[in-house]
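Here are my notes on the model, point by point. Please read them with the structure open.

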Amino acid sequence: MKILLTGTTGYVGGRLLRKLEHSGHSVRCMARRPEFLRRRDGAGVEVVAGDVLDKLSLQYALAGVHTAYYLVHSLASESSFEVEDRQAAHNFAAAAKEAGVSRIIYLGGLAAPGSELSPHLRSRLQTGEDLRSTGVPVIEFRASIIVGSGSLSFEIIRALTERLPVMVTPRWVSTQAQPIAIENVLGYLVSALDLPGNESRVFEIGGSDQVSYGDIIREYARQRGLKRLLIPVPVLTPRLSSLWLALVTPVHARAGRPLINGLRNASVVTDDSALRVFDIRPMGIRKAIERALQNEDLEFAQTRWSDALSASRGVRSFAGVRFGTRIVDSREISVSVPPAAAFAPIRRIGGRTGWYYGDLLWRLRGRVDSMFGGVGLRRGRRDREEVAIGDTLDFWRVEAYEPDCRLRLLAEMRVPGRAWLEFEVHGATGASTIRQTAIFDPIGLAGLAYWYALYPVHALIFRGMLRRIAKAALKPEREDGLRNDSPAGWPAAEDTTRRSQ
């Protein structure tokens with residue numbers, strides 16, 4: 001049966017896609033910008049352009065679909081997210097009815113419907129009602145806090161605990177919740193495909209423990225070997241809390257305010273029908289955090305909440321978007337050449353080719369690294385044209401490589417943290433977009449001081465490097481083997497360099 005998956009660029013959707021692929025299902029992914037998915041899709045995956053606010057695009061996306069996953073929200077909308085959520089759900093339900101879809105599976109939020117709900121949680125529950133409005137059977141999962149490396153809830157807890165030895169905490173820290181591991185959430189979503197019957201059902205899902213947000217912070221600190229002091233105060237309003245979180249966590253103030261408003265509502269399971277219907281026994285908070293920490297580096301290389309385009313729309317930050325303890329600076333430029341040509345100068349980076357911009361600064365950085373016992377720039381590269389995972393490129397090592405598509409380098413120079421430099425190329429026959437992303441995972445305050453002290457220099461180098469790579473892509477490699485990174489005589493690239501979060 002054909003499955004439609006929405007929200008594939010998001011945290012849950014990206015992981016669900018892999019689960020469905022491994023199970024051999026035929027999956028169609030719908031995204032506003034499908035080019036961001038085509039580099040991930042497998043043999044059994046079809047990618048189509050679509051938007052839940054565009055009725056015509058939904059007709060095509062839902063054609064021939066048996067089951068549709070609804071994993072979208074408008075939390076970071078420039079306008080009212082509640083209005084957009086309702087319109088989107090109505091559009092989707094109507095299109096599903098017209099297309100003859102047999103079932104919609106929806107992941108919402110857990111809260112007692114009779115309580116005074118925040119706008120965010122109220123919208124999550126209302127979305128379920130709107131999806132059921134046309135009579136298409138809906139399996140709705142109402143989940144408590146999702147714990148997993150990269151999930152928004154977990155990254156808030158993680159960043160707070162890592163960065164603040166002493167926390168002045170508002171009332172919501174004592175709110176009760178039933179955190180559930182991402183593995184268990186995915187288990188429920190996949191199992192719903194085989195649920196018998198054709199009626200709508202609502203299932204509340206949570207882990208095996210009922211704990212407060214303060215308990216989660218303390219358990220995370222315990223597993224990380226950190227000593228943290230929580231001092232509760234009654235005066236932090238939702239607005240102040242969201243602005244405070246924007247300084248130390250991945251949540252932007254605008255998107256964070258609705259989330260913080262929702263933290264005052266308890267999210268505990270009152271109906272255990274999910275345990276009786278599904279053969280899934282969710283893990284407790286200790287095991288969930290342990291699993292998240294174990295998978296941190298693995299999941300960093302895969303999808304994260306920050307992959308969701310909706311979560312970053314309109315966000316601006318001096319040094320890029322922060323998720324967890326990592327800091328990101330991402331830039332894009334367009335070139336009028338096919339992806340293979342756009343990727344060619346990236347493939348040759350380092351060694352004799354150099355780094356396209358500020359080579360003197362790169363050499364100086366290498367000498368400083370050598371003085372402190374680091375590897376410096378002495379290693380060069382194995383081959384000027386070919387790249388393989390594990391190769392060294394000066395003081396970087398190739399961590400991921402996809403020909404004509406992606407190159408990620410892990411820094412092996414001495415820095416107070418860990419650093420990556422990643423290049424991605426996507427596009428069509430005659431045009432490509434090059435994305436360059438610098439990632440830094442600082443260790444403590446020394447790491448943060450290092451990043452922000454050198455950020456003006458890094459910004460200059462990264463911006464210049466991307467522009468020179470674009471110009472090199474427009475000038476084919478000369479037959480005599482000379483370098484193509486000389487600035488003289490280059491045609492101009494379309495200078496659309498921009499900061500992208």
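1. Glu332 counts as buried, at 5% relative accessibility. Buried means under 20% relative accessible area, exposed means over 50%, and partly exposed is in between, with a 1.4 Å probe and protein chains only. Glu332 lies in strand β15. Its side chain makes a polar contact with the side chain of Arg435, at 2.6 Å. A polar contact here is a pair of N or O atoms within 3.5 Å; within protein, one must be able to donate a hydrogen and the other to accept it, and residues adjacent in sequence count only if both atoms are side-chain atoms. Glu332 and Arg435 are 103 residues apart in sequence, yet their C-alpha atoms are 4.4 Å apart.

2. A word on the basis. This is a predicted model, where local features need pLDDT of at least 70, side-chain atom pairs count only at pLDDT 80 or more, and totals for chains, interfaces and linings use all residues. Residues are numbered from 1 along each chain as its sequence is written, and side-chain values use heavy atoms, with hydrogens and water left out. Helices (H or I, at least four residues) and strands (E, at least two) are DSSP runs, numbered from the N terminus.

3. Which residues have the most contacts inside the largest nonpolar core? They are Ile349, Trp396, Leu407, Ile434 and Met465, in a core of 41 residues. A nonpolar core is a set of buried Ala, Val, Leu, Ile, Met, Phe, Trp, Tyr and Cys residues joined through side-chain atoms within 4.5 Å. Among the elements that give two or more residues to this core are β15 (326-335), α15 (339-347), β20 (432-442) and α17. The largest share, 13 residues, comes from α17.

4. Leaving aside neighbours within four places in sequence, Ile349 is in contact (heavy atoms within 4.5 Å) with Gly354, Trp355, Tyr356, Arg381, Leu393, Leu407, Phe423, Met465 and Ile469. Apart from this core lies another, of 34 residues, including Cys29, Ile182, Val185 and Leu193.

5. Now the rings. A pair of aromatic rings is described by the distance of the centres and the angle of the planes. Rings of Phe, Tyr and Trp (its six-membered ring) pair if their centres lie within 6.5 Å; planes under 30 degrees apart count as stacked, over 60 as edge-to-face and the rest as tilted. The count comes to 16 aromatic pairs. One of them is Tyr188 with Phe278: edge-to-face, 5.5 Å centre to centre, 85° between the planes. Tyr188 lies in helix α7 (residues 182-191) and Phe278 in the loop between α11 (273-277) and α12 (285-294), so the pair ties together parts that are 90 residues apart in sequence. Both are buried. Ring pairs link Phe141, Tyr188, Phe203 and Phe278 into a cluster.

6. Trp451 and Tyr455 form a tilted pair, with 5.7 Å between centres and 45° between planes. They are four residues apart in helix α17 (residues 444-474), so about one helical turn separates them. Trp451 and Tyr455 are buried.

7. How is β4 placed? Three bridges join β1 to β4, and the two run parallel. Four bridges join β4 to strand β5 (residues 103-109), again parallel. Two strands pair if DSSP finds at least two bridges between them. Leu5 stands opposite Tyr69 in β4. The bridge partner of Ala68 in β5 is Ile104. In a regular strand the side chains alternate between the two faces of the sheet. In β4 (residues 67-70), Thr67 and Tyr69 point one way and Ala68 and Tyr70 the other, and all are buried.

8. Thr8 lies in the loop between β1 (2-6) and α1 (11-22). Thr8 is buried, with a relative accessible area of 1%. The side chain of Thr8 reaches the backbone oxygen of Leu5 at 3.2 Å.

9. Ala221, in helix α8 (residues 213-224), is buried at 3% relative accessible area. Ala221 touches Thr161, Leu226 and Arg228, not counting residues up to four places away in sequence. Ala221 and Thr161 are 60 residues apart in sequence and 6.4 Å apart in space, C-alpha to C-alpha.
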